[in-house]
Structures are given as structure tokens and as C-alpha cells.
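Colleague: Please take a close look at the sheet in this model, and then follow the chain from there to the metal site. I would like one connected account.

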Amino acid sequence: MGLRKILTDKEPALHKVCKTVEKFDWKLHKLLDDMRETLIESNGVGLAAPQVGILRRVVLVDTGDEILELVNPELLETDGEQVGAEGCLSVPNKYGLVKRPYYAKVRAQDRDGNWYEAEGEEIVARCFCHELDHLDGILYTQVMERYLTDEELNQDEE
Ligand code: ZN
């Protein structure tokens, strides 16, 4: 089993700038495999390495079709905007209202170091931005407009 513990926002690791990945070795592959298992287990949409205490530029994003492995990701392009509810596995049981681009295109390396590009709209664009922020020690709670109230959350579920 490779489940890793997800840190919450009180941990210093979540507020640090992560380092570039230079070695595409078995350790990175193990980290990616463990993160994938952890993401699936926690029903998340995305997960960044600092959330499991590893200060490296590695994130996973579930596009709905597949779980993308993004190593050393960079935002290439954004377009439009969306304002909506956003949560984070490191900020349990809370949601905030966050403005993000409607569309985002990123460039990243795969687990073997090959560069590729990925793009997405709506929740995928939101997730790219949210996860990339984690690599610079930024949580959505620092960029949100406000937390959603319990009342608003209950309405969303109806
Ligand atoms: Zn998060």
C-alpha cells in the first residue's frame, strides 16, 4: 500500500515554494504512484506533492478521463474567468468562492521527463490553477473571495 497522509493547512510544508524535479527515477515514480492511490482514496480532483509533505514540483489532476501526472508544470495560457466553489483536501470540510480562469493550458514533464501540453476548461482549468498554486505555497484560502456558508453549501447539494 502506498497511501500517503494528507497534510492540513497548519503544516509549514504547505506554505513553502517547491523545488524543481531533476531526477526522473524510481523515487519519483513511487511518489506518483502513491499520490495517485491517495487521490483516488480521498475522492479528490487533484493533489500536489507538498500536500503529502514532499516539497517537489509534482501534481496530479483528474480530468475526468484520466489522471494527469504533471512534473515541473508551468501555466502557458489562460482565458476567460469563472467564479465558483473550491475545496482542498488540505482544508477539510470547507469551501471558498474563488475566481479562476475559465480555460487554462499547461506544459509539464511526464514521469520520464518528456515535455507535453495539456489544456482544460471549467473544473479542469480550476484544478490546474489550484494545484500549481500549491507548488508556490499558495492555498485557495489566500486567493478566495470568502468562505461559502453552510446555507450556500446545502443549496449546492440540492
Ligand atoms: Zn488543494
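Modeller: Strands β1 and β2 run antiparallel and are joined by 3 bridges. Within that pairing, L47 stands opposite L60 in β2. This is a predicted model, and what follows is computed from its atoms.

The β1-β2 pair belongs to an open sheet of 5 strands, ordered β1-β2-β3-β6-β7, with antiparallel pairing. β1 (46-48) and β7 (115-121) are the edge strands; each has a single partner strand, so one side of each is left without a neighbour in the sheet. From one strand to the next the twist averages 35°.

Two helices lie across the sheet strands. Helix α1 (residues 26-41) lies across β1, β2 and β3, and runs at about 40° to β2. Helix α2 lies across β1, β2, β3, β6 and β7, at about 125° to β7.

Next, the packing. The largest nonpolar core has 17 residues, of which V59, V61, L70, V106 and F128 touch the most other members. Two or more residues come from each of β2 (58-62), β3 (67-79), β6 (103-109) and α2. The greatest contribution is that of α2, with 7 residues. Another core lies apart from this one; it has 13 residues, among them V21, L28, M35 and L60.

Once neighbours within four places in sequence are set aside, L70 is in contact with R57, V58, V59, V61, V106, A108, Q109, Y116 and F128. Of these partners, V59, V61, V106 and F128 are listed with L70 among the core residues that touch the most other members. In general, nonpolar side chains in soluble globular proteins tend to be buried together.

The zinc ion has as its protein donors C88 (SG), H130 (NE2) and H134 (NE2), which lie 2.1 to 2.3 Å from it. Along the sequence these donor residues are spaced C-x41-H-x3-H. C88 is in strand β4 (residues 82-88) and H130 in helix α2 (residues 122-135), so to speak of this pair is to speak of a link between distant parts of the chain, 42 residues apart. C88 and H130 are both buried.

The strand that carries C88 has its own pairing. β4 and strand β5 (residues 91-100) run antiparallel and are joined by 6 bridges. A hairpin through 2 residues connects β4 to β5, and G84 stands opposite V98 in β5. β5 pairs in turn with strand β8 (residues 146-147), in the antiparallel sense and over 2 bridges. There, R146 in β8 is the bridge partner of L97.

That leaves the cysteines. A search of the whole structure finds 0 disulfides. C129 is in no disulfide, and the nearest cysteine sulfur, that of C127, is 9.2 Å away. C129 counts as buried because its relative accessibility is 7%, under the 20% cut-off. C88, the zinc donor, is buried as well, with a relative accessible area of 10%.

Technical notes:
Residues numbered from 1 in each chain as written. Predicted model: local features only at pLDDT ≥ 70, side-chain atom pairs only at ≥ 80, totals over all residues. Heavy atoms only, no water. Donors = N, O, S within 2.8 Å, 3.2 Å for Na, K, Ca; no water. Helix = DSSP H or I, 4+ residues; strand = E, 2+ residues; numbered from the N terminus. Buried < 20%, exposed > 50% of the residue type's maximum accessible area, 1.4 Å probe, protein only. Pairing = 2+ DSSP bridges. Disulfide = S-S within 2.5 Å. Core = buried A, V, L, I, M, F, W, Y, C linked by side-chain atoms within 4.5 Å. Contact = heavy atoms within 4.5 Å. Axes fitted to C-alpha atoms, helices over the stretch in contact; angles between N-to-C directions.
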